[in-house]
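These are my notebook entries on a single structure, kept in the order in which I looked things up.

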Amino acid sequence: MTLSVEEIDKKYNVRPFVDPQPTSIDVNPLTLTAIDLSLFREGEDGLESRQKLASILESSVTTYGFFNIINFGIDNDHIEHLRAVSQSVLTIPHEEKLKYLASAARKEDEKPGNIGGERGQGFKPKGYWAIKNGVRDSIDFYNVRDTYHDDFLNHPERHPELLQAHLKEIADYYNYLHRVILPQILRLCDLILKIPEGSLLNHYFKNSGTNQDTSGSHGRLMLYQPYDEETSLKETENMYLRGHSDISALTFITSQPILSLQIKDVYSGNWRYVNHRPNSLIVNIGDALEFISGGHFKACLHRVVQPPRDQVGFNRLIIIYFCNPSNESELDPEVLNSPTLARLGLTKEDKLKEWQKIQFHDWNDTKGQLLGRSEAGERNLLKFYGRFIERWHHFPLET
Ligand SMILES: [Fe+2]
């Protein structure tokens with residue numbers, strides 16, 4: 001007997017995810033710049049509007065590497081529904097999760113060369129990583145990969161029952177970000193680099209969003225469950241996820257009220273909470289786009305910590321999309337001949353002398369193997385291909 005979607009939702013108690021109230025404690029959060037994508041106009045007539053958005057975006061991508069997008073064409077009710085489904089997917093019994101693991105149940109038990117719980121399709125269950133002093137992580141997530149391939153919808157059996165019932169809706173969300181929003185943001189980046197619009201997409205994102213897309217972009221449904229306060233304070237120094245930069249070109253995260261995400265302030269070097277902007281996505285630059293822009297755009301360190309006291313004890317649920325360039329794309333700006341980068345000396349002849357020629361898969365594989373391992377911590381800088389794995393602005397900021 002096949003159950004209807006309604007019956008499946010009932011079986012898994014799909015219900016709205018309840019966020020706590022915004023914090024009333026002043027923690028001096030950083031308010032990100034908002035890019036209003038409803039102002040993005042096509043054609044020659046729209047160039048002025050795009051130029052305006054690009055100049056607003058420029059100050060964000062070249063400093064914090066984080067910004068918000070608003071009015072991006074997806075209704076908030078739709079995102080809340082995805083969060084409701086995610087809540088139930090991520091809380092199915094542990095034994096059920098073990099049937100759909102992204103890799104092993106614990107990092108230590110992974111086979112060498114495995115793509116890992118971080119990037120594989122399926123569950124990364126709570127406790128996969130060792131965080132500190134014997135405490136393991138308190139994060140459940142489920143990854144979906146290559147949602148733009150026909151294969152994704154043709155093989156529902158790869159996913160648990162509840163996810164199967166909502167597979168198309170999940171694919172539609174991610175594919176919209178990949179096929180509609182990614183090109184818009186890249187065109188604004190083209191304008192910042194003073195190169196023809198479409199250059200970044202054409203050179204680095206071959207066959208973007210099609211069956212031939214080799215980028216391995218992936219979505220993630222992610223649930224943080226609180227530690228008891230004592231464990232968190234004593235053993236993990238309030239850390240849920242330690243500082244890192246993303247491997248991706250761009251990462252999209254649903255904004256929600258719990259202040260837990262922190263980024264390293266580009267000016268003071270201090271960690272700062274990122275403010276919640278309702279009905280927005282948080283977007284950040286990852287390593288790949290930092291390299292493609294010759295280091296002009298910053299893939300900033302960020303981490304997840306215990307929220308302010310009045311938000312402790314609540315579950316935190318986010319939906320993420322890691323959007324990558326194609327596997328074969330070369331991670332340097334040479335082919336672009338950008339006047340902006342030439343002016344800043346971000347060229348092979350000047351500041352990029354040390355950079356070895358690499359393709360995206362080189363970086364993805366090298367850094368991917370280090371994810372979740374203690375030797376790749378933020379205090380131990382590791383350098384590969386002339387670039388730091390955990391990077392923090394390798395070139396001095398323009399003053
Ligand atoms: Fe991240």
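Which residue stands opposite Arg-316 of β14? I looked this up before anything else, bearing in mind that the model is predicted, and found Tyr-224 opposite Arg-316. I then looked up the pairing of the strands, and β7 (218-224) and β14 run antiparallel, joined over seven bridges.

Entry on the eight-stranded sheet. I followed the strand order and read it as β1-β2-β12-β9-β14-β7-β6-β3, an open sheet with mixed pairing. At its edges I noted β1 (34-36) and β3 (122-124), each of which pairs on one side only. From one strand to the next I find an average twist of 25°.

Entry on β14. I checked burial along β14 (316-323) and found that eight of its eight residues are buried, so that I call the strand mostly covered by the definition of burial. In a regular strand the side chains alternate between the two faces of the sheet. In β14 I see Arg-316, Ile-318, Ile-320 and Phe-322 pointing one way, while Leu-317, Ile-319, Tyr-321 and Cys-323 point the other way.

Entry on β9. I find that β9 pairs with β14 in the antiparallel sense over four bridges, with Ile-320 of β14 as the bridge partner of Ile-253. Strand β9 (residues 250-254) also pairs with β12 (residues 280-285), again in the antiparallel sense, and here over five bridges. In that pairing I noted Val-283 of β12 as the bridge partner of Phe-252.

Entry on packing. Which residues have the most contacts inside the largest nonpolar core? I found Leu-250, Phe-252 and Ala-288, in a core of 82 residues. Helix α7 (residues 167-193) contributes the largest share of this core, with 13 residues. Leaving aside residues up to four places away in sequence, I listed the contacts of Phe-252 as Leu-177, Leu-281, Val-283, Ile-320, Tyr-321 and Cys-323. As background I note that in soluble globular proteins nonpolar side chains tend to be buried together. I also looked up helix α3 (residues 76-89), which lies across β6 (139-145), β7, β9 and β14 and runs at about 105° to β14.

Entry on the four-stranded sheet. I recorded an open sheet in the order β8-β13-β10-β11, with antiparallel pairing. Its edge strands are β8 (239-244) and β11 (271-273), each pairing on one side only, and the twist averages 25° from one strand to the next. I followed β10 (residues 261-264) to β11, to which three bridges join it in the antiparallel sense, and there I found Lys-264 opposite Trp-271 of β11.

How values were computed
Residues numbered from 1 in each chain as written. Predicted model: local features only at pLDDT ≥ 70, side-chain atom pairs only at ≥ 80, totals over all residues. Pairing = 2+ DSSP bridges. Helix = DSSP H or I, 4+ residues; strand = E, 2+ residues; numbered from the N terminus. Axes fitted to C-alpha atoms, helices over the stretch in contact; angles between N-to-C directions. Contact = placed C-beta atoms within 7 Å. Core = buried A, V, L, I, M, F, W, Y, C linked by C-beta atoms within 7 Å. Buried ≥ 20, exposed ≤ 12 C-beta atoms within 10 Å, placed from the backbone.
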